[in-house]
Amino acid sequence: MITRDDILRLFIAAEIHVTGSELDDHAPLAQQGLDSLDMANLLFQLEQSYQFSISPTEASRLRTLQDMIDCASARTAGRAANAR
């Protein structure tokens, strides 16, 4: 399972300078100061870190921190089960 802290580490990798306490998990990241370049960098980090691809349609639905946690958890869930 992917946690909030896992996704927040991607913010650091993407050089997005916000702290976890500044972010509302359920509010759109665009309303919390992230611009389109930040979002692109964050999605790139998400893909690279968890080794899956995000389609443009799917990317347009990832608006909140919780959306990213849910997406990464769902996309990696099968791997954890297969690794056991």
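**A guided walk through the chain**

The protein chain has an accessible surface of about 5200 Å², and carbon and sulfur atoms make up 50% of it. Please keep in mind that this is a predicted model.

Now let your eye follow the backbone. The protein chain holds four helices and zero strands, and along the sequence they give the pattern α-α-α-α. The radius of gyration of the protein chain is 12 Å, close to the 12 Å that the globule rule gives for 84 residues, so the chain is as compact as a globular protein of that length. Along its principal axes, the C-alpha trace spans about 40 × 25 × 20 Å.

How do the residues pack against each other? Of the 84 residues, 40% count as buried. Charges are part of the picture too: the protein chain carries 7 positive and 12 negative side chains, and the centres of these two sets lie 9 Å apart.

In an unreviewed UniProt entry, the annotation "domain: Carrier" covers residues 2–76. Within the model, the end C-alpha atoms of residues 2–76 lie 8 Å apart, and the span is 57% helix and 0% strand.

Next, stop at two places in the loops. Glu15 sits in the loop between α1 (4–13) and α2 (36–50). Its phi is near 60 degrees, a positive value in a residue other than glycine. Is Glu15 buried or exposed? With 60% relative accessibility, Glu15 counts as exposed, because the cut-off for that word is over 50%.

Further along, Gln51 lies in the loop between α2 and α3 (56–61). Gln51 is not a glycine either, yet it has a positive phi of about 55 degrees. At 65% relative accessibility, Gln51 counts as exposed.

Which residues does Glu58 touch, not counting residues up to four places away in sequence? They are Ser53, Cys71 and Arg75.

Methods: Residues are numbered from 1 along each chain as its sequence is written. This is a predicted model: local features need pLDDT of at least 70, side-chain atom pairs count only at pLDDT 80 or more; totals for chains, interfaces and linings use all residues. Side-chain values use heavy atoms; hydrogens and water are left out. UniProt positions are given in the numbering used here, feature names are shortened, and annotations may be inferred rather than shown by experiment. Buried means under 20% relative accessible area, exposed over 50%, partly exposed in between (1.4 Å probe, protein chains only). Contact means heavy atoms within 4.5 Å. The radius of gyration is taken over C-alpha atoms; the globule rule is 2.2 Å times the number of residues to the power 0.38. Accessible areas come from the Shrake-Rupley method with a 1.4 Å probe; for residues, only the protein chains shown count as cover. Lys and Arg count as positive and Asp and Glu as negative; His and the chain ends are not counted. The place of a charge is taken as NZ of Lys, CZ of Arg, CG of Asp or CD of Glu.
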